[in-house]
Every structure is written in C-alpha cells, then in structure tokens.
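Please look through the sequence and the model below before reading on. The report takes up one residue and its surroundings, and then turns to the chains.

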Amino acid sequence: MSTQSPHTSQGQQRPVLRLQQLSRVHGSGATEVHALRGVDLDVFPGELVAVMGPSGSGKSTLLTIAGGLDTPTSGRVVVEDTDITAADRKTLAALRRRSIGYVFQDYNLIPALTAAENVALPRELDGVSARKARGEAVAALEEMELGHLADRFPDEMSGGQQQRVAIARALVGDRRLVLADEPTGALDSETGESVLALLRSRCDAGAAGILVTHEPRFAAWADRVVFLRDGAVVDQTVRSQTDSLLTGQAAEL
Amino acid sequence: MITWYHSWRAAIRIARRDAWRSKGRSFLVLAMIALPILGVSAADLTLRSAELSTEQKLERSLGAADARLTDPGYGGAPILQTPNGENFTPADDFEDKPYPEGSTDVTKAAPQGAKTLKDATGSAKLRTEHGLLHTEIRELKAADPMAKGMLTLVNGRFPADGTEVAATTHFLASSGLQVGSTLRARGFDREYTVVGSYELPDSLKSDQVNALPGALLAPLDKALKADGLPGTGAEASYLVSLPGGFTWNMVKETNAKGVVVHSRVVGLDPPAKSDVPFYQKNDWGDFGMSASARAAALAAIGTVVGLAMLEICLLAGPAFAVGARRSRRQLGLVGANGGERRHVRAIVLSGGLVIGVAAAAVGTVLGLALTYALRPVLEEYIGRRFGHFDIRPLELLGIGLLAVLTGLLAAIVPAVTSSRQTVLASLTGRRGIRRSNRVLPVIGLLATVLGAAIALYGSVFSDQFAVVAAGSALAELGVVAMTPALVGLFGRTGRLLPLSPRLALRDAVRNRGRTAPAVAAVLAAVAGTVAVATYSASSDAQQRAEYKAQLPHGAVSVIMDEAGSARDVPAVRSSVQKLLPVEVRADISRISVGSANCSVWGGSDGCGTYEVVVPPQNECPLWATDPANPDGDPAERFSKEERRKLAEDWRCQQPGGRGVYVPDGVVVADASLLKVLEIDDPAAAKALAGGQAVVFDKRYIDKNGGGGNDDGKDGTDGRDGTDDGTDEGGTDEGGTVRIKLITDTEAAGNAFDEGREAPGEIKSFRVHRAADDVDAYGLSVIVPPAAAKAAGLTTLPLGAYYSTDSLPSTEQRQRLEGELDKTGSSVMLHIEEGYTSENSIILLALTVFAGLITIGAAGIATGLAQADAEADLKTLAAVGAPPRVRRTLSGFQCGVVAAMGVLLGSAAGVLPAIGLRLAERREQLKWYQEALDNGWGGLASDPHVPVVIPWATLAALLVAVPVGAALLAALVTRSRGALARRETA
C-alpha cells in the first residue's frame with residue numbers, strides 16, 4: 001500500500017489527469033440528455049480513483065472523455081499538460097499510444113495477437129521495432145508476474161489473466177494513466193480481486209488510475225471514491241473514509 | 001519511414017492471424033483471386049515452354065544436318081529466297097514470259113564434298129482397322145546420324161529394310177494398329193511390317209509412316225497410276241552435311257541453280273537485310289504485327305484484365321467488409337490503444353494484402369505444378385513437345401502482383417469505411433443510422449451518365465466496340481457507387497409489406513454500409529451475366545436468321561468429289577439407302593472433262609473443267625471484263641450511285657455457295673432430285689423427263705433461241721405457257737443453257753488474264769426455267785442424264801440426295817459413318833437438321849454462375865445482418881414474436897439483397913449488350929454500304945443484327961435466384977438465438 005497519502009502528494013505533484021467543468025450533452029431538443037454536468041476531477045500519480053454511481057449517471061462518459069474517445073460539450077481535459085479537448089484526431093491517437101491506457105469490461109485483447117504482442121501493440125503502432133516492443137512487453141508482463149502468458153493467445157487464457165494482460169498493455173511504455181471501465185464486470189469476485197490487486201500495485205508504483213465500478217467492494221481498493229449521479233459529482237471521499245461509506249451512502253445506490 | 005514500416009508489420013501480423021482464424025472466408029476469397037492467377041500463370045508457362053529457341057527449331061527441322069535443299073519447282077531457274085527459305089521467288093521477272101515450271105535435280109546443286117540424305121514425302125490411303133486413313137508417307141533413313149532429332153523413336157526401332165515401316169504414335173492410335181501389325185496401302189498388294197513407333201516433336205498429331213527411301217513411295221505410285229488412280233504426289237528434299245556449314249554465300253550460289261536452302265548457319269546468324277537480294281527485289285514488307293495492331297491487342301488484353309480484376313474486387317470486397325465488421329471491436333481496441341485511422345486502414349488493407357500474396361503464391365505454385373504435371377497432356381493438346389520447361393520469374397512475378405493488387409483493391413473500400421468509424425462506436429457496437437456518404441452517389445451518378453453517354457456515342461456514332469465496352473464499364477462502376485443511394489430508394493417501398501419483409505428491408509436500408517457492398521457484388525455478377533446472355537441470345541438469333549439450309553429439313557446428301565472416287569460412289573449410295581430411313585433417292589453425277597480420275601475442279605494432268613456461259617446480255621456489268629481495259633476493275637466504270645443501283649439488279653445477284661460444290665452448280669440428275677429438294681413443279685419434272693435442263697439461275701439462260709422477253713423479270717408470265725404441254729414437254733419461253741468444256745485449262749487461264757473468251761467446246765441444252773422463288777439449295781442447273789448423253793458429255797457419279805421418313809437417329813448415323821469409313825475415298829455426308837444453337841448451354845452455365853454468386857453474396861450480407869440484428873431479435877422475442885420470425889427475417893434479409901442486386905444488375909447488363917449490338921449493326925451496315933459502293937453488292941446481303949433479350953435467363957435471375965437465396969438463408973438459420981452476452985455500455 002502507498003506510504004504517501006494522496007493529500008500530501010496533491011501539493012507536491014501535478015495531476016496526471018485534470019478534468020475541469022466537464023459537461024457532455026447527448027442529442028438535442030427533446031432527446032437532449034445531460035450525461036455530465038460540470039465535473040471537476042484531478043488524478044495524481046500514484047493515485048487510484050474509483051468512480052461509482054447508478055446506471056446512466058455518466059461514469060462511462062466520464063471515462064471516454066477522459067481518454068479522448070469522446071469530446072466534451074464544454075470544459076477542459078488536460079492529460080499530462082496537454083489539453084486534449086483542443087487536440088486533433090492524430091494527437092489524440094498518439095496520446096492514447098503514449099499516455100493513456102484503457103481496460104474494458106471484456107474483449108480487451110485482440111484475439112489475433114498473443115499476450116506479448118497485445119501488450120506490444122501500442123508501442124509498435126508508435127513505430128518501435130517489433131523486437132524492441134516485444135522486449136518491453138515481455139518485461140512488463142514479467143514485472144507483473146505474467147511472463148508465462150507471453151506467448152498465449154487470448155482464447156487460451158482465463159478472463160482474469162486476460163484482464164491482467166490488458167492492464168499490462170495499458171501501462172506499457174511511458175504510460176502513467178489507466179482508465180478502467182468495470183474491469184471486473186465479467187469476472188467472479190475472487191478473480192476480480194486479483195485483477196484489482198494488480199491495478200493497485202501499478203498505482204503504488206507511480207501510475208494514476210480511474211476505476212469505474214458498481215461494486216463498493218472493489219471501490220475499497222481505491223484511494224478516493226467519486227460518486228456521480230445524473231452527471232454531477234455528488235460526493236468525494238478519501239480512502240480512509242471509504243470503508244465507512246460501505247455501510248452508508250454506497251448502500252443506497 | 002521506419003515508423004511506417006513497424007506499424008505496418010503489426011497490422012500485417014493481425015491480418016495474417018485473422019485470416020487464419022476465419023479460414024472459410026479466407027479460403028473463399030483466396031480461391032476467387034487465385035483461380036484466375038493459376039490459369040494465367042499456367043498459360044504463360046505453357047506458351048513460353050512451347051516457344052522454341054532457334055537451335056531447337058533447327059534441330060527439329062534439320063536434325064543434325066547443316067542444311068536442307070528443296071526444289072521450288074521452277075525448273076532450275078535462278079531464284080531469290082529469304083534467309084530461312086520459307087519465301088522464295090524466281091530471280092527474273094516473268095511478266096511477259098511464261099512462268100518457269102518443272103523440277104530440277106537438287107543433288108546436283110549440293111556443294112562438292114557434301115554428304116546428302118534424301119527426305120521424301122508423299123501421301124496414300126492406308127488400310128487400318130477401321131477402314132482407310134489418308135496418311136503422309138515419309139521416306140527417310142531415320143537411323144542416319146544426319147536425321148538425329150527430327151523423329152523421336154518411342155517404341156521398337158526404325159525400318160531396316162524395304163519390307164518394314166515405322167509409324168507415328170498418332171497414326172497407330174487412330175488406325176488401331178500397333179507395332180508388329182502388317183500395313184497395306186489401298187491399290188497396292190505389298191505388305192509391310194510396322195517395326196516401331198515414333199513422334200514428330202513439332203507435330204504430335206500428324207499421321208505419318210516412315211519407310212526407307214525407295215521402299216514405299218515409288219512402287220506404290222507406280223501401282224496407283226497403273227490402276228488409273230492419283231499417285232502419291234511424292235516430293236523430295238535433301239539434307240546436306242558439309243564441314244563448315246552452309247554459309248549465306250553458299251545459299252546464294254545454290255539459289256542461282258534454282259534450289260531453295262534452309263541452312264543452320266544462316267538460321268543461327270541471319271545475314272543483314274541489305275544482304276538479302278530477295279528483300280530488295282520484292283520490296284518485302286514486314287508481315288508481322290504492325291505496331292498499331294500490337295497496341296490494339298495490348299489494349300484489348302488490358303481491358304479484359306482490368307474488367308476481370310474489377311469484377312473480382314467487387315465480389316471479394318464484401319468478404320473483407322464482413323471481416324472488418326466482425327472484428328469491429330478489435331479495430332476499436334486498436335483505436336483505444338492509440339491506433340490512428342491509418343492504422344485501422346492498414347489492418348483491413350493488410351487483410352487484402354495477406355490474401356493477395358497468399359493467392360499469388362498458391363496460384364503461381366499450383367500453376368507451375370499443374371503445368372509440370374500435365375506437361376505431356378498439354379503437349380498433346382497443342383500438338384508439339386515443349387523445348388524445355390521455361391519458367392520466366394519476372395512474368396510470373398508480374399502475374400502474382402496482379403493477385404496482390406486485386407486483394408488490396410478489394411480491401412480498399414472496407415478499409416476506408418472501418419477507419420471512418422469512431423473508436424467509441426466500434427467499441428460499444430452502438431448502432432444508429434450512419435450518415436451515408438453524399439459525395440459518392442453524386443460521383444456515381446456522374447460516372448453512370450458519362451459512361452452511358454460514351455456507350456451511347458459508341459453505339460450510335462462510331463463502330464468501335466472498345467468505346468462501348470469502356471463506357472459500359474464506367475457506367476457499371478457508377479451504378480456500384482450509387483448503390484447506397486439506390487438501396488435507400490428501395491426502402492420507400494417497404495410501407496405496404498408485412499412485418500418480416502418490412503423489417504428486413506428497413507434494416508437493409510438503414511445499414512447501407514453493409515448492404516451496399518453485397519448488392520454491388522450481386523450487381524456485378526448479374527450485370528456481367530445478363531450482358532453476355534443478351535449478347536449471345538442476340539447473336540444466336542442472328543445466326544439462326546443467317547443459317548442457310550443445304551437441303552430440306554431431314555434430307556441427306558453424300559458427295560464424293562475427290563479425284564478417282566467415282567468408282568466408290570455406287571457402293572456408298574446403296575449403303576446410305578440401306579442404313580438410313582430413305583424415302584426417295586436421287587443419284588447425281590457431274591460433268592467430267594478428261595479422264596475418270598480427274599477431280600471436280602480439274603487442273604491436273606489431262607484434266608479439264610467446264611463452265612456455264614453467261615450470255616453477254618445477262619452478265620452483271622459490275623463483273624463483266626471491259627475488253628478495252630482487261631486489267632482494270634470492271635466496277636470502276638460506274639459511279640457510286642450506279643454501283644448501288646446495279647447491286648439491286650437481278651444480273652448481279654449471286655446465289656450463295658452451299659450444297660453441292662461443283663463448278664457453277666451444274667449436276668446431272670433426273671426428276672427424283674426435284675422431289676428430294678421438295679421442288680413442286682410438275683412442269684420442271686416434265687421438262688427433265690423430256691430431255692430439257694432445268695435452270696434455277698436465270699442468268700444462265702440464253703434467250704436467243706426462245707421467247708422475246710429479254711429482261712428476265714417477267715419469267716412467271718412466260719412460264720404460264722408450260723401447262724400447254726408442247727411437244728418438247730417444256731417451256732414455250734424457250735432459251736438454252738450453254739456449257740463450255742475447257743480441255744486446256746492453261747490456255748483458258750491465259751485467255752481470262754487477257755480478257756478474252758476461253759477456248760472450248762460448247763454444248764447447248766434447251767431449258768425450262770424454274771420459278772424465281774424456288775430454293776434449289778445451291779444448284780443452278782440440272783441436266784437430265786439422257787440429254788447429257790445425247791450431247792456427248794462424259795459424266796461421273798458424284799453422289800446422291802435422299803429424302804427421309806424421319807430424321808436419322810444417332811445410332812443410324814453412327815452405323816452409316818462406320819460404313820462410310822471403310823470406303824476408299826472421303827465422303828461428304830450431310831444430314832440437314834436445321835439450325836442448332838450452341839448457346840443454350842453457355843446461357844445456362846452463366847445463369848447458374850450468376851445465381852451462385854448472388855446467393856453467396858446475399859448470404860454474406862445476411863450473415864452480417866444477423867449479427868447486427870441480434871438486439872432487434874431479442875426485442876422481438878421479448879414482445880412475444882414466435883421463434884420462426886428469426887428465420888423469416890433472415891430469409892427476407894437475404895432475399896432483399898439478392899433482389900436489389902439482381903434488379904440493378906439486370907438493368908446494368910442489358911444496356912451495354914444492346915449498345916454493343918447496335919455498334920455491331922452500324923459496323924456491318926458500314927461494310928455493306930462500302931460493298932455496295934465498290935460494286936460488290938450482289939455478294940453481300942443486307943446485314944441483319946437483331947437485339948434479343950434473353951427473357952428466360954432474366955426471369956430465372958429475377959425470380960428464382962432471390963427466392964432461392966431467401967429460402968436457403970431461412971433454412972440454414974437457427975430459430976433460437978445464441979445466449980445474449982453483455983456488451984460494454
């Protein structure tokens with residue numbers, strides 16, 4: 001576990017991800033839906049933030065906008081000093097190769113590629129030679145004690161293994177921001193715990209992470225929990241308070 | 001650059017593994033691209049291997065000799081020749097002197113110290129297991145070292161003495177004989193033993209028998225001539241071997257002695273053009289292909305290759321689209337991991353690249369292997385042994401590149417489409433109406449209009465097929481580009497339909513991105529089929545209209561017009577009567593000038609010919625030689641308008657040559673011939689019985705001795721009087737036909753050249769003129785035997801005409817043919833069955849092909865639609881729809897795609913075919929007009945180029961194929977869906 005409190009790090013370090021007054025409106029007129037309303041959020045290195053909320057509260061929208069897959073209607077998204085709201089498609093793609101890693105609920109890995117090749121993919125797309133990218137990928141896998149999976153194809157791995165390889169891919173190279181959208185959603189709880197343990201350890205090693213989840217049990221791995229309802233942040237809590245929340249507000253959701 | 005390279009490597013890796021993961025689809029596309037590549041590479045290999053090097057050619061024609069000396073038949077007069085000896089001409093001009101003729105002793109022309117080997121060929125009818133076979137006889141000492149390489153021994157050995165022969169394997173196969181059999185020639189008692197078989201590497205299909213010099217040709221010739229039969233026509237050439245070879249200077253020296261030389265040294269190192277007197281004298285043009293002809297051929301090949309690639313791309317494209325669609329989430333993941341649009345494009349394009357490269361490899365390797373394995377078969381098929389197995393890596397590489405290019409082209413559209421998807425849409429599988437491209441349909445419309453305009457221009461204002469074809473191709477591409485918009489139009493018709501078809505139609509229209517490629521594929525296949533079907537149905541109709549029966553339907557004729565065959569005619573006449581259901585038999589004979597062994601056309605020693613004299617007043621002015629200017633074209637005396645008018649004149653109508661091939665269509669026969677030819681003219685029969693000739697070509701009638709009408713146009717009036725029954729039993733119109741017997745054909749030829757009347761004895765016959773509308777099937781004059789005899793004409797049996805009770809069956813025909821094979825002469829048997837079309841099978845095959853493609857493409861689209869419609873089906877099931885809705889929906893989805901494609905394709909296919917036909921009509925009209933202008937009008941007929949729509953094919957495509965596709969899709973769809981799996985929201 002982190003020896004540093006997130007509150008102390010806030011003062012010393014710049015956030016990896018900064019969301020400012022983020023709003024997103026889907027559709028217009030009668031079909032207008034406010035998915036996000038003026039959300040502010042900073043995520044610092046070494047910090048894992050859990051985002052919770054009911055269906056339709058804007059969790060996934062927050063994540064896709066943070067990763068540059070979607071654009072906000074208003075507000076700013078800054079990833080490692082780059083304002084991605086103003087960036088063009090190419091810059092965004094480059095940012096996803098070099099700064100942001102995604103982990104989805106399922107189908108995370110490209111079935112045609114082995115674990116190592118999946119992890120190496122962002123680097124190879126960036127123009128790194130296949131040999132070097134593979135070396136980095138194997139190193140990343142070994143660091144996460146997944147080295148034995150390197151040459152397996154996704155359909156030769158369990159769901160938990162796949163998700164852990166996906167986390168390895170999300171953090172290969174210099175990437176320091178992991179956006180995880182219910183990474184445990186398709187897994188049983190024990191396997192889910194192991195996946196979150198890995199995510200936690202990567203954050204402890206210096207990465208910043210956002211974890212969207214339904215389950216308070218998994219949110220407990222986070223340093224901070226942000227509650228969303230109808231597109232707005234209704235509550236924030238530091239990790240020390242998370243446990244007490246389990247019995248309180250979270251239970252209502 | 002390096003970056004680009006590395007990201008492509010990743011893309012190719014994904015594509016390669018994907019291709020391997022979905023083997024069925026990959027195999028389909030691979031086969032589609034590899035098959036044409038296989039064919040083309042095999043054709044390239046075969047062509048290149050069959051091309052011989054100069055050395056190989058020389059070995060096959062000269063063996064190990066240095067040269068071959070041949071007598072050109074100019075009686076030893078000095079000649080000039082081309083280096084290869086294929087063309088030669090007397091050195092002097094013979095414009096005022098008689099052309100030199102006669103043989104010369106070739107051996108005397110050979111240089112001193114040269115060794116010679118005689119190589120003589122003639123021909124004879126040899127007795128086989130099945131009858132007689134006209135065979136080439138070659139007298140050459142094949143075992144001589146000089147002949148090495150000319151004949152390849154296959155079995156046994158070459159003959160060693162005068163009683164032995166060897167034969168080609170082809171002769172043994174077609175004669176039913178084998179090594180060890182005895183062989184006899186017709187008209188010759190001596191027996192020969194076949195001691196070996198061989199083949200001629202350059203001509204595997206020739207029937208040839210090899211004997212030692214003097215063993216067969218000379219004694220056989222003597223025996224035949226003694227029997228009054230034509231001889232073997234033997235000609236000898238000499239192989240020459242001399243130290244140092246036969247140089248060009250020696251060739252020229254030998255030419256001076258009147259002998260043609262084919263020399264090895266000259267062949268390997270031909271003299272400069274300026275050193276060849278032949279070229280100087282004859283102003284010899286290069287008879288090879290001109291540059292423009294080559295360019296035109298190249299353009300034609302280019303067009304065919306281009307069109308083929310276009311069709312393959314249109315067909316393979318949807319498969320890549322399916323692949324891209326199936327791996328949408330995968331492509332989304334690439335995007336989520338920082339893949340740019342170009343990366344996504346690269347992955348889908350790599351799919352095309354991988355399949356293209358695989359297809360290139362598989363196609364060329366299979367082409368190589370097949371050609372190698374089938375080499376003997378191919379050699380037999382083209383009739384010559386390959387020089388060697390000639391692999392041209394560059395050409396094969398080029399052919400392979402075509403496959404790669406096709407794969408890439410087919411994947412372009414799916415690649416661009418999938419790269420346009422937002423990452424989010426790809427990841428979530430979110431549906432919704434994608435705004436279809438608005439520029440593409442406009443471009444498509446422009447291309448369609450432009451292409452149609454070009455095709456229209458081509459068919460109305462020019463006679464260039466290429467213009468029509470190019471315009472049609474452009475228009476078809478345009479329609480393909482418009483497909484999404486057109487598919488949208490179909491959606492409007494959905495309102496009235498019941499649920500399942502309505503849902504299917506709406507779904508197809510909403511998802512144009514996936515419907516359009518499938519519809520385009522169907523469109524392409526159907527358009528091609530309909531175009532070919534329309535074109536061939538039209539030309540079939542044309543051929544049917546142009547078909548000229550040689551006899552009334554069901555009638556049979558046997559003709560034997562070879563020299564010396566008259567003696568076999570009676571036997572043949574009766575075997576036909578015995579074996580076929582003959583009703584009436586009419587024997588026909590021909591007029592012979594000279595001995596009984598002369599052929600119909602005369603010309604050889606002691607053989608003359610005859611002609612029907614056209615009275616001067618009946619001669620077509622366009623053809624009649626102008627005595628003042630015998631060398632000029634008679635038609636040039638008239639203006640264009642006059643020529644056109646004359647072309648309509650009855651004197652200038654020439655009946656098309658069909659039926660009996662005897663000079664001027666004159667046969668000697670009695671009235672039964674009229675019955676067989678179904679000419680119902682009692683007066684004519686009476687005339688024949690009364691010793692009058694019946695004439696069908698009124699140009700031949702000389703009226704000087706008869707009635708007063710001289711324009712020949714009111715023949716029917718004149719004929720009315722025939723019923724009166726004059727004592728001659730014929731017409732009161734009178735007139736005669738005059739037949740000139742020409743014994744000295746040479747003098748006749750000279751007279752013709754100088755515009756004089758040919759010398760000859762004239763026999764006149766009183767005639768009866770048949771009505772103008774009578775079809776005599778190519779006969780012009782029938783002379784009754786009695787009249788011929790009375791006039792002192794020599795006649796020879798020619799054959800017979802028969803009418804039958806019923807069309808002879810296949811068995812009857814086979815038995816007859818077997819019987820006729822045993823006859824000593826060649827028999828021309830004709831059984832009139834009317835026009836038989838060969839197109840119906842092609843049409844059927846095309847329809848089946850287009851149907852299969854349609855069902856395949858529609859099936860692919862249905863698979864896609866099913867994957868997409870999973871959510872709709874779940875909703876349907878939730879509101880209580882029965883499980884079969886799933887089936888009917890899938891069936892209708894397939895049917896909708898097939899129907900749209902077939903409808904658009906039929907329209908796109910009929911139009912270019914009509915355009916092509918119109919262009920063809922224009923071209924033929926142009927030729928016809930030119931012919932009229934030049935005064936050849938009577939020979940050409942008014943062109944008839946109909947346009948026929950193949951309704952049966954269209955109906956099958958329009959109705960049967962969509963219904964079949966729908967039923968098939970419904971059958972193979974499971975009623976119950978797979979369990980839903982939660983997707984990321």
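L48(A) touches L199(A), R200(A), C203(A), G209(A), L211(A), W221(A), A222(A) and D223(A), leaving aside residues up to four places away in sequence, where two residues are in contact if their C-beta atoms, placed from the backbone, lie within 7 Å. This is a predicted model, in which local features need pLDDT of at least 70 and side-chain atom pairs count only at pLDDT 80 or more, while totals for chains, interfaces and linings use all residues. Residues are numbered from 1 along each chain as its sequence is written, and chains are lettered from A and ligands numbered from 1 in the order in which they are written.

L48(A) lies in strand 3 (residues 48–52) of chain A; helices (H or I, at least four residues) and strands (E, at least two) are DSSP runs, numbered from the N terminus. Because L48(A) has 26 C-beta neighbours inside 10 Å, it counts as buried, a residue being buried if 20 or more other C-beta atoms, placed from the backbone, lie within 10 Å of its own, exposed if 12 or fewer, and partly exposed in between. Between L48(A) and A208(A) there are 160 residues in sequence, yet their C-alpha atoms are 5.9 Å apart in space.

The contact between the chains takes 30 residues from chain A and 25 residues from chain B. On the side of chain A that touches chain B, the elements that give two or more residues are helix 2 (59–66), helix 3 (89–98) and helix 4 (115–125) of chain A, and helix 3 of chain A gives the most, with six residues.

In chain B there are 31 helices and 23 strands, and of its 985 residues 44% count as buried. Helix 11 (residues 328–336) of chain B has eight of its nine residues buried, so it is largely enclosed by the rest of the structure. This helix is followed by G338(B), whose phi is positive, near 95°.

As for confidence, the model scores ipTM 0.72 and pTM 0.64. Two stretches of chain B where pLDDT stays under 50 are set out here.

| Stretch of chain B | pLDDT | Contacts beyond four places in sequence |
|---|---|---|
| residues 706–732 | under 50 | 48 contacts |
| residues 977–985 | under 50 | eleven contacts |

Definitions and conventions:
pLDDT = per-residue confidence, 0-100.
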